[in-house]
Amino acid sequence: MNKPANTQASRAVREIENLFITLRDGTRLAAKIWLPEDAERRPVPAILEYLPYRKRDGTAGRDALHHPFIAAHGYACVRVDIRGTGESDGVLADEYLKLEQDDCLEVLEWLEQQPWCTGDCGMIGISWGGFNGLQVAARRPKQLKAIVTICSTDDRYADDIHTMGGCQLVDNVAWASTMFTLLSYPPDPALVGERWREMWLERLENEPLLIDNWLQHQRRDAFWKHGSVCENYGDITAAVYAVGGWADGYSNAVPRLLSGLKGPKKGLVGPWAHRYPHFAEPGPRIGFLHEILRWWDHWLKGVDTGIMQEPEYRVWMEDWVPPAPYYKERPGRWVAEPHWPSPNVTMHDYHLAPGRLGAKPGPNAELPVVSPLGIGMLAGHWCPYGLSPDLPGDQRDEDGKSVLFDTAPLEAPVEILGAAEIELDVASEKPQAQLCIRLNDVAPDGASLRVSYGLLNLTHRESHEQPTPLEPGKRYRVRIKLNDAAHAFPRGHRIRIAISSSYWPIAWPSPEMAGLVLSTEGGVLHLPVRASRAEDAGLAAFAPAETLPPLAVTRLGKPKVHETVERDLIAGKTTFTTDEDDGGVRHEAIGLEVRHAKTERFDILDSDPLSAKVEIVHSHTVGRGDWQVSTKTATTLTVTATEFVIHARLDAFEGGKRVITRNWDRRHRRDEV
Amino acid sequence: MNDAPIITDVADRVRTVELQWIPMADGRRLAARLWLPRDAEQNPVPAILEYIPYRRRDGTRLRDEETHSWVAAQGYACARVDITGSGDSEGLLRDEYVKQEQDDALEIIAWLASQPWCSGSVGMIGISWGGFNGLQVAARRPPALKAVVSIASTVDRYADDAHFMGGCLIADNMDWGGAFFAYAGLPPDPAMVGAGWKKQWLERLEILQPFPALWLNHQRRDAFWEHGSVCEDYAAIQCPVLSVSGWADGYTAAVFDLTENLKVPCKGIVGPWGHLYPHRGVPAPAIGFLQECVRWWDRWLKGKETKVESDPTLRLWLQYGVTPRAHYDHRPGRWIAVDRWPSSDVEERVLALNPGTASATAEKTRPLPLCSPLTTGLAGGEWCAYGLGKVAPEMPLDQRIDDAGSLVFDTEPLTEAVTVVGSTVATLEIASDKPQAMICVRVSDVAPDGAATRVSYGVLNLSHRDSHAAPAPLEPGKKYTIRVVLTEAAHVFAAGQRIRISLSNAYWPMVWPSPERATLTVFSGESKVALPVLPASRIRSHPDFPPVAKATPLARTVYDPGAETRHVIYDVDADRTVVRNSRNDGVARIDDIGTTVAYRKVKEFAVARNDPSTTETTVTVSVHYTREDWDARLETRIHMTCDRDHFIFHSDVDAYDGGERCFSRSFEHRVKRDNM
């Protein structure tokens, strides 16, 4: 069934380190290309990966594991720096702008015209490159026949790093800070020559402060609808292979795309965090390059690899594992559904009663919820990378501060696939409040594993577009959808719902400590229970994970990633600190030395939501011999009862001498957040 | 009450002797500070002795002055004597409560009784060490000793001191032992002992040993701990004893033990306080304790009719519910009287532990597995709260933090208030999959919003289930009936609250973890707790004590007020939790003697959540004395780790004279774990 792609027919690969694609407005985009040496005689389809993360040094390591492999199988793999990044001209003003898509359409036209290209194109990408694959597909360029979109979203408001359930994610500013520094990097003079300084200064003088842009859009407005392909799935006609990982922040998009897309589609969710599945953790990794080769061969070469006869949705059904913030591998097994949504998954209802989740409704009880702030300190990251301990640890610590509803020990295993939902009645003392719902698997010894979670800013209970304050004391019925999951609760374990009124540092708390009262009457958890399918046992195995030899880089210092949670018992303050330094590497082939470090610090007092504070500092240096450039960015985001307050600073240095300093002091009204 | 007027113009009536040498038969001289009524030579008075190793000259000087000069003004000769080898006293201090210390006390008492200003009657008062040795010396029956006031002390050095609790090794063995390691290595003051101070200091350092390691040569209740434990023979004490403690203190049990067991007049007071004298007590209310002491002394040393015999046996601060907080300036409550102890008014109310609930009726038994993360206990607060600086967060935190790693049994919301006075006793049916394991039982007062305040707790090393003297490993899988006696409490659970019983098999950092991760099976239904309930109709109020009276404190010039910090740091990468408690007493000059004292102590506890072999404790202490012509500094550090079979210690001591190191020694100890 799982027919191998034409892996034998390896062709010698030529690597073009840099080539400029000139757009109609004169802007030059820098590309790196891997293609068969004989491609001019035997043209091949082109596969584009289109990112702002710098092909020259940023993604060079991972590109080397990937693109030459695909190229050797008869493709031209093209890695293009988005306008304003890497060696490309111009300035990048924001994420996923129409200009980015327009440029991409021109790149696809350019590819079609190349003598080595058959004219058929695919796009692949993870995260940003997964987003723009979908977005460009929705523009329907005729060259684009298929895409592979990994760890991406179809809904920039609901499932991206900015907001979750209408709550402002702390990652919104963390990610903005990462981009703040990334956009300040210079192009490499070895490729662009003396123009490098002019290009760099143009970037430095014009680069946006993204958090400033994003905090102007706290509700689901046109800003977020742009680039959200869920607005009209019908726009996409190219074949879509959507891939995600349960440990990642972006897995919800995969089943939603399968439900929404009208054209050919396929979904895969593994145990992985935010990384390509051939080198992701937690494992098991898969031979992802082989898998996508089958996809490309089918859609770009018309080879029958059998891939479209396979079940539409394949996922790693995760087993219980003792909770830990890092796993080399997650135990589980591959299961599949021929289509999604699947009639094989049905909603089972569990009713809320004080302390219990049961098959039948229980008596009503009014349960107060006022969680100490900082309850999410062991939540892991919103978007884990899986390389360091960034996954949720044992939830008991946080369960202790939450209102809990447990089933009796399960008499038989319960396997879920899909998104659990909870419905309950809640009243708040204050007009603004939020709820965090965690779904945990509790072992007989008490260890508690987070299976899924969901947040809701209660002002968004009816709509993300038109939030409205709560009327204090009034009882509202709310429905909260948790993240999709595939998990097998073992016999003897308990299913737990843990409810808290905050989840920092995942999300910014509401402006006042809001005492919430839950009414258990009518409260119900809908759990997507999957019946086992005998066909699962017959699923073809993925090829073993294979990558190419890594790029030659020399480590200049010891990399470190260090995360701590510190409780000051006198101040009642909790501080989450991440300290990262890659130690610096030298790219041997191009003689470039690059180093990046960052510190993130999130503070909060137990009972003062206005004490929440984020401070992030990044530093980046790049150099070769006499040419030494560094930039440093600092972002602080604090809150008042009515505003978000941003202080940001950018400093850039050439040869130790400061060439620019920019400061931002901005305030944005809190919009029902 | 006392008929004699309380004297408040203390300074005019009292003469202070800065240094009085008291000769011992073997030629050693012990240093004393005396407060004497100015007319004492004409009208001799009883003497009150406080006898501790905490340096009368520059250690307890401020407290001594407030206390002893005030008591002296009421017609007593107060003597504050440095134990041999401490402060300015000659000789060597080799350990706590050694026989030599008691022998010396007998000589001191005889010396005091024979002074021209002394009537021949002597009392002993003291808190902690000075409370212990008051009882120990009373048991030696020196003829002149007529009464004792023993505060925050113990009758059982194994069961209720800073080393073990329920046969578990507690953090205070390192905490207190680390501090004592420094105290015992401090120099005498050259202004008192002259040029020989340095030689005396080096002699002290020469015999100094890291006590925590030495004490672990005695992990079970052997003769080492029986010595100095007056519970071995209560009848040996034949003078009246006033026993005092606080609910926030680690030493409350002695009040109940003594009032129950002594045959001589014995009264007990337990206030809301930490490890402090009640007239300096925190949390408030502090009481007019010196007036109470004078009533006691007047009756037993002067024969006045102060009617202390008619006082209730126990006067207890009945505590009301509070939200859980690391520190309280004030604990709401009221004074109650209990006529006898044990009290026939207290009824046992049994709660069966059913899955998730605690109720009068037992449900069908079910095996409930229990394997707490090793960090369960982070909300446990200090075994002994010192109440220092009024900001030290020493009290148990919101128990939900620890309940997360525990089996929890809640009553329904109470329909009426429930008052408990005394010890809760848990009787558990339990099995373990490992030969060594412990259990912690907590009783909490749970508010409707979920906040849980600890009321009482107890721990038991399960290998000590039958005896602390002859521990025996568990047979894995075998079901045992074990009994855990919790700390005494006097607490009102208000109507609407729930009573929660929590069980965990870790209680770190207070208790050193068992050598292996054990999973216990607790059999619900069969397991139960018995609460000591005092029915509302039998609660007897007692009037408040008089307000605090004490003498004017000495002047200090504070250069650095210091700070107390407490942090819990979770290192996500290493899955390691560190509790770092730093006490910096700052830098201050005692103006009347010109000595500047700086003291700091850092204790650090670390463990990884699932690996007992990662347990570590480090206690570092620095003490620095400076005066124009004197600069002496001592730095000590004890680091303790373990493997499955051993406790491992590395200890260092460094002494500096004028900034130059004059002594340095390192110690390595490896002690076999004895069912611990």
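Met123(A) is found in strand β5 (residues 117–126) of chain A, where strands are DSSP E runs of at least two residues and helices are H or I runs of at least four, both numbered from the N terminus. This is a predicted model, in which local features need pLDDT of at least 70 and side-chain atom pairs count only at pLDDT 80 or more, while totals for chains, interfaces and linings use all residues. Residues are numbered from 1 along each chain as its sequence is written, and chains are lettered from A in the order in which they are written.

**Surroundings of Met123(A)**

- Met123(A) counts as buried because it has 30 C-beta neighbours inside 10 Å, the cut-off for buried being 20 or more other C-beta atoms within 10 Å, against 12 or fewer for exposed and partly exposed in between, with C-beta atoms placed from the backbone.
- Leaving aside residues up to four places away in sequence, Met123(A) touches Leu48(A), Tyr50(A), Gly133(A), Val136(A), Leu144(A) and Ile147(A), a contact requiring C-beta atoms, placed from the backbone, within 7 Å.
- His290(A) is 167 residues from Met123(A) in sequence, and their C-alpha atoms are 16 Å apart in space.

**Contact between chains A and B**

- Chain A contributes 26 residues to the contact and chain B contributes 28 residues.
- On the side of chain B that touches chain A, β15 (367–370), α12 (400–403) and β28 (563–571) each supply at least two residues, and β28(B) gives the most, with 8 residues.

**Strand pairing across the chains**

- Strand β24 (residues 560–568) of chain A runs antiparallel to β28(B) and is joined to it by 5 bridges, where pairing requires at least two DSSP bridges.
- Val568(B), in β28(B), is the bridge partner of Arg567(A).

Methods:
Two residues are in contact if their C-beta atoms, placed from the backbone, lie within 7 Å.
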